[in-house]
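Let's take a short tour of one protein model, stopping at a few spots along the way. Keep the 3D view open as you read.

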Amino acid sequence: MADTNQGAGVQARPEHTRTGLSVEVIRQAFLDNLFYVQGRFLEVASPNDLYLALAYTLRDRMLRRWKSTVQTYKQTRCRTVCYLSAEYLPGPQLGNNLLNLGIMENTRQAMAGLGLDLDVIIAQEEEPGLGNGGLGRLAACYMDSLASLEIPAIGYGIRYEYGIFDQAIRDGWQVEISDTWLHYGNPWEVRRPHICFDVKIGGRTESYCDEQGKFRVRWLQGDLFRGIAYDTPIMGYGVNTVNLLRLWSAEAPESFDFQVFNQGDYVGAVMRKVRSETISKVLYPNDEGEGGKRLRLIQQYFFVSCSLQDMLRIFFSTGRPLTEFNAKFVAQLNDTHPTLAIPELMRLLVDEQHMEWDAAWAVTRSTFAYTNHTLLPEALEKWPLPLFQSVLPRHLEIVYEINRRFLDDMRLRFPFDQDRLYRLSIVDESGERHVRMAHLACVGGFAINGVAALHTRLLGDTVLKDFHDVWPEKFQNKTNGVTPRRFMMLSNPGLSHLLTETLGEGWVRDLTRLRELEHHADDAGFRQRWCEVKLGCKQRLAGFIADRLDIRVDPNSLFDIQAKRIHEYKRQHLNLLHVVSLYNRLKRNPGLDLPSRTFIFGGKAAPGYRMAKLIIKLINSVAEVVNRDPDLDGRLKVVFVPDFTVKTAQWVYPAADLSEQISTAGKEASGTGNMKFSMNGALTIGTLDGANVEIREAVGEDNFFLFGHTAEEVERRLADGYRPHDIIHRNNDLRAALELIGSGLFSHGDSQLFAALLDDLWNHDPYLVCADFAAYAACQEEVGRQYRDPEHWSRMTILNVARIGKFSSDRAIREYCQDIWRVTPVPVSMD
């Protein structure tokens with residue numbers, strides 16, 4: 001222990017080295033962990049040794065709070081939110097945990113006293129890529145807010161050994177590299193070998209009568225795997241609450257078959273171990289083939305089975321009857337990936353705990369709520385019946401029984417509407433038969449929510465219309481939100497300091513307090529400081545781009561940024577066509593009076609998505625030509641930032657002047673990048689899609705650059721026989737841009753390299769890139785005009801931040817707690 005003096009003549013209570021928060025105690029704890037855990041001392045420690053030692057120092061302090069949290073939850077018998085998600089993208093955790101514990105500056109001083117730079121240590125951390133994009137990042141934001149709002153919660157998911165691939169760019173093409181985030185270990189997690197559950201796969205079922213003569217079914221599995229829990233503490237901001245992210249890793253019940261080894265089959269002796277570990281080996285295996293589909297289905301079942309068995313384990317410790325399971329737990333299904341939890345809970349209750357079907361169904365339907373994240377019919381998960389039966393024979397029987405009872409009820413409501421029954425059925429009978437997971441989630445859950453007002457309305461009008469007709473009371477909107485701790489305080493410390501100096505510290509926990517900034521928008525001195533913060537962020541990103549890509553960009557130019565997953569409906573190619581059009585105009589008229597622009601792109605394409613990868617190639621090919629053209633004199637630059645991750649995002653979001661949110665209206669469920677950019681002072685150019693609609697309503701029409709068809713106009717245009725060819729011929733700038741790409745200028749003379757993309761735009765264009773081009777280009781002209789008035793622009797950005805408070809994940813979680821989960825905060829005091 002170390003003593004700290006609180007004042008002259010006063011003996012302070014001694015701080016324990018493992019839990020104290022003073023500068024001296026943190027320094028000593030760091031040195032202890034470096035030596036006693038890492039087996040190193042300062043003079044020979046590697047950068048990773050330093051990072052691990054500091055991470056263990058932080059984890060010690062978090063685990064103390066976790067212990068108090070668990071004891072509090074147990075004593076209060078509170079209801080617990082179980083967030084079931086196949087993805088989590090928490091981002092680097094060291095900086096975030098320092099922030100939430102409130103010891104960033106003490107730790108900085110402690111490291112400085114040892115001649116170490118805290119920022120360099122923080123930068124050493126590998127990022128766990130346990131998600132594909134927005135879905136996983138949303139889950140991580142919600143876990144942060146749940147802890148910060150003192151809501152009892154457990155996040156359940158999979159501990160993928162290899163997460164989302166690392167993206168490299170070679171000759172302009174995306175190349176996928178394995179994400180070895182666990183290579184040097186993960187100091188934040190705690191392995192729990194005693195919390196493990198067996199998971200059955202395959203085999204067959206058989207019926208029997210129990211001792212009371214009741215009909216029962218037992219599942220005789222074909223294979224058996226074991227899930228081991230790995231716990232990561234999630235620290236709330238400015239509170240003592242520490243919730244758990246519990247991820248499951250797959251292992252074999254017996255990792256080594258000694259009998260097979262003795263028979264000389266040395267490889268076969270460990271094959272069971274290898275086969276078992278494959279389940280949690282990689283995030284989202286390529287599911288184009290049958291093997292990939294099977295593995296993905298097994299992954300989904302594996303994690304929900306382990307999670308539900310764990311929830312039952314915890315529940316049995318309370319001594320309450322099983323009929324009160326839903327009073328102890330509420331489970332949120334983050335999209336359809338965890339929907340197998342519904343038949344699995346029924347199996348556990350009926351087959352394992354011998355509950356009657358009706359009682360088990362009442363518990364199940366009161367436990368689960370479902371969040372939908374897509375309006376694309378092709379993105380709604382469904383599993384071929386033969387595959388489902390071969391992997392989960394008992395669950396298929398349960399799904400059949402759920403569906404039979406559901407359709408019997410629907411026949412009473414719609415006795416003369418057979419077509420409606422076909423549309424409602426959990427089992428799709430058209431063509432090859434499938435189990436429709438969104439349908440199962442709607443039938444088996446007590447609440448269904450969309451993630452933006454427009455998205456929720458379109459859900460009820462389109463993909464889930466039949467269910468909305470049946471249960472309108474189940475449908476709610478819960479607009480997404482993002483955590484200001486990571487995406488403002490941690491990513492943009494300059495802005496955060498200015499906000500705290502101006503508004504006080506309360507804005508971090510109540511983002512609506514930002515509204516008070518409106519009083520400062522007309523203060524020239526404040527606007528000057530505001531602009532200095534933005535310029536500092538742009539200089540920081542410019543340095544990052546120079547170091548990583550050897551490209552020089554002007555921080556005084558307009559930073560126009562589109563950073564998100566690469567997909568045709570997100571329309572990176574619309575942005576790029578505008579870039580090529582600008583290039584064309586500047587080449588033809590070098591004296592054109594336009595503000596200098598730096599166009600920055602970032603995002604990954606799914607490995608099997610050829611068109612998205614071709615768009616990445618085109619971005620890099622355009623950049624190669626534009627950036628070396630001496631005629632432009634630096635007035636136009638194009639940059640593709642490889643491997644866009646949470647870590648990279650913390651450089652990008654604060655530096656944006658303009659946020660590109662230009663998806664085809666009616667295709668984006670919500671988006672969260674739009675919120676992160678806005679919170680950092682970027683103005684939005686966008687369509688009326690997803691949460692853009694609500695952002696525009698919040699910040700004001702004058703502070704949002706709107707263009708493009710509405711969702712209804714998109715549907716009408718496509719239904720009326722859309723002909724992009726005619727639009728291209730009528731728009732000289734668009735035609736010239738397409739022809740320039742087709743000429744081979746951006747492909748070293750190869751006029752066929754981008755032929756597939758050009759052919760799609762000329763003849764199909766399902767996402768109305770051509771139809772929206774003229775409006776987009778005109779809107780960009782207006783952006784340029786307003787950017788040239790820096791006083792006006794800075795005032796717009798201040799108002800944008802002042803009015804963005806609604807989009808905090810704290811607000812979203814409060815709404816879930818009040819309207820869906822029915823839970824209240826449980827404050828934690830330190831023992």
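## A well-covered helix

First, keep in mind that this is a predicted model. Our opening stop is helix α26, which runs over residues 692-699. Which of its residues are buried? They are Asn692, Val693, Glu694, Ile695, Arg696, Ala698 and Val699.

## A serine tucked inside

Now hop over to Ser307, which sits in helix α9, residues 290-316. Is Ser307 buried or exposed? Ser307 counts as buried because its relative accessibility is 0%.

What does the side chain of Ser307 reach? It gets to the backbone oxygen of Phe303, at 2.6 Å. If you skip the neighbours within four places in sequence, Ser307 is in contact with Leu84, Tyr156 and Trp248.

## The second largest pocket

Last stop: the second largest pocket, with about 630 Å³ of space. It is lined by 24 residues, and the closest to its centre are Val70, Tyr73, Lys74, Ile314 and Lys328.

Where does the lining come from? Helices α2 (47-76) and α9, plus strands β2 (153-158), β5 (190-201) and β9 (242-251), each supply at least two residues. α2 gives the most, with five. Sorted by class, the lining has 10 nonpolar, six polar and eight charged residues.

Key. Residues are numbered from 1 along each chain as its sequence is written. This is a predicted model: local features need pLDDT of at least 70, side-chain atom pairs count only at pLDDT 80 or more; totals for chains, interfaces and linings use all residues. Side-chain values use heavy atoms; hydrogens and water are left out. Helices (H or I, at least four residues) and strands (E, at least two) are DSSP runs, numbered from the N terminus. Buried means under 20% relative accessible area, exposed over 50%, partly exposed in between (1.4 Å probe, protein chains only). A polar contact is a pair of N or O atoms within 3.5 Å; within protein, one must be able to donate a hydrogen and the other to accept it, and residues adjacent in sequence count only if both atoms are side-chain atoms. Contact means heavy atoms within 4.5 Å. On a 1 Å grid over the protein atoms alone, a cavity is a set of points where a 1.4 Å probe fits but cannot get out, and a pocket is an open set with protein on both sides within 12 Å along at least five of seven lines; lining residues have an atom within 4 Å of a point. Grid points are joined across faces, edges and corners, and a volume is the space filled by probe spheres set on the points. Ala, Val, Leu, Ile, Met, Phe, Trp, Tyr, Cys and Pro count as nonpolar, Asp, Glu, Lys and Arg as charged, and the others, Gly among them, as polar.
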